[in-house]
Amino acid sequence: MSEIRIRKPETISEAHSEPVSTTDSSSVRQSIPSPADISNVRRFLLSRGNSAIADRAFGGLMLACAICIFVIVALIFFELILQSQMSWHKFGLPFFFKYNVDPNTGAPLFWDPVNGTFYALPFIYGTLVTSLIALAIAVPLAIGMAIFLTEMSPRFLRSPLAFITELLAAIPSVVYGLWAIFVLVPLLREHINPIFIGIFSAPWVVKVFGWTHLVGDDGLFGGVNLGLGFFAAGVVLAIMILPIIASLTREVMTSVPNSQREAVLALGATRWEMIRIAVLRNARIGIVGSIILGLGRALGETMAVAMVIGGTPQIQESLLATGNSMASVIANEFAEATTDIHHSALIEIGLALFLVTILVNSLARLLVWAVTRGAPARVN
């Protein structure tokens, strides 16, 4: 039977007593850099010391800049509430939907600064009507423009057309207003409005659709054709919000992956079917967000609307009638208001417009973010 030998474990002293080879000691000495081997860049960084204080100061400064945005919005909101307290206490919530009756004519009386009657219903109506007209005109044009730029435009035309489209957003509002007064209003009064008046006043149209009360002399295009009014203001707003909707729609459509397009084309779809199924369907939430963002711009537009809407505090069914919007009445009357209650009523209208604009723009940004998050950019 063979003998089994077990090696005796080494003690700590025996392990340390083994000599270290010359090769190992030289490699250890070579791994430690000498002061002469330190580069100039590293020596400069080491001489600067700890930069934690500077980093914290810079971070705090950037945080303060971000907080300033919220502080500014909060201060605006607080000041609007403070300055509109008199109107709130006198009229309350009915300020936005109530009206008085003229004892002489029996007509609704909404806004009479001389007698102290202030109700904002006609201005809300004017804001909604002009904004809806603008959306009805601008949305089809903007979506068509975005489809052409992203899917059908030649490469050499894509950048110039996109630049010209975005350039429209940089034109000041007062320039649009002057152009509307000297060009658009005469064009509508002499050429375009008569066409709509003839269509909506045709005998067979009145006979077939008269029950809707939208045709005839008291319909959407009835009354006196001055060129000014809701329709002119809506056309100006459509031109102003067109680049916003087109640019955001183009951005959302660009974020749709190319694999979606290629998959639909591989199944035998035509170009229109590819655009409808692969692009528009995937980008529909973002397109809705861009439309709502354009609506937010239309709701708050002031100077161009004030110059062509007419300035009448009445609710009239005809789109050719003159009226007023929430923003335009503030611009037209704030400098001329002589009483405290008049000032307070105008500021209360501004408060309502401020809240509606923030709500609409927040909803639009949320919808656009829901589509474009995490989507890689497509190289055009």
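Helix 8 gives the most to the nonpolar patch, with seven residues; helices here are DSSP runs of H or I with at least four residues, numbered from the N terminus. This is a predicted model, in which local features need pLDDT of at least 70 and side-chain atom pairs count only at pLDDT 80 or more, while totals for chains, interfaces and linings use all residues. Residues are numbered from 1 along each chain as its sequence is written, and side-chain values use heavy atoms, with hydrogens and water left out.

The patch is formed by Val174, Val175, Leu178, Trp179, Ile181, Phe182, Val183 and Met303, which together have about 690 Å² of accessible area. To belong to such a patch, a residue must have over 30% relative accessible area and no salt bridge, and nonpolar side chains (Val, Leu, Ile, Met, Phe, Trp, Tyr) are joined within 5 Å. Accessible areas come from the Shrake-Rupley method with a 1.4 Å probe. Trp179, which has its place in helix 8, is partly exposed, with a relative accessible area of 35%; buried means under 20%, exposed over 50%, and partly exposed in between.

## Two nonpolar cores

A nonpolar core is a set of buried Ala, Val, Leu, Ile, Met, Phe, Trp, Tyr and Cys residues joined through side-chain atoms within 4.5 Å. The largest one has 52 residues, and those with the most contacts inside it are Phe231, Val236, Ile241, Ile245, Met253 and Val308. At least two residues of this core come from each of helix 6 (121-152), helix 8 (173-200), helix 10 (230-254), helix 12 (271-280), helix 13 (284-300) and helix 14 (303-308). Helix 10 gives the most to this core, with 15 residues. Apart from this core lies another, of 18 residues, among them Phe91, Phe96, Trp111 and Val329.

If residues up to four places away in sequence are not counted, Ile245 touches Leu135, Ala138, Val139, Ala142, Ser290, Ile291 and Gly294, where contact means heavy atoms within 4.5 Å.

## Aromatic rings

The structure holds 13 aromatic pairs. Rings of Phe, Tyr and Trp (its six-membered ring) pair if their centres lie within 6.5 Å, and planes under 30 degrees apart count as stacked, over 60 as edge-to-face and the rest as tilted. Trp111 and Phe118 form an edge-to-face pair, at 4.9 Å centre to centre and with 80° between the planes. Trp111 is buried, with a relative accessible area of 7%, and Phe118 is also buried, with a value of 0%.

## Salt bridges

Side chains of opposite charge can pair when their charged atoms come close. A search of the whole structure finds two salt bridges, each defined by a side-chain nitrogen of Lys or Arg within 4 Å of a carboxyl oxygen of Asp or Glu. In one of them the side chains of Arg261 and Glu151 meet, at 2.8 Å from N to O. Because Arg261 lies in helix 11 (residues 258-266) and Glu151 in helix 6, the pair ties together parts that are 110 residues apart in sequence. Both Arg261 and Glu151 are buried.

Glu301 forms a salt bridge with Arg297, and the closest N and O atoms are 3.2 Å apart. Glu301 counts as buried at 8% relative accessibility, whereas Arg297 counts as partly exposed at 25%.

Methods:
Buried < 20%, exposed > 50% of the residue type's maximum accessible area, 1.4 Å probe, protein only. Patch = residues over 30% accessible without salt bridge, like charges linked within 9 Å, V, L, I, M, F, W, Y side chains within 5 Å.
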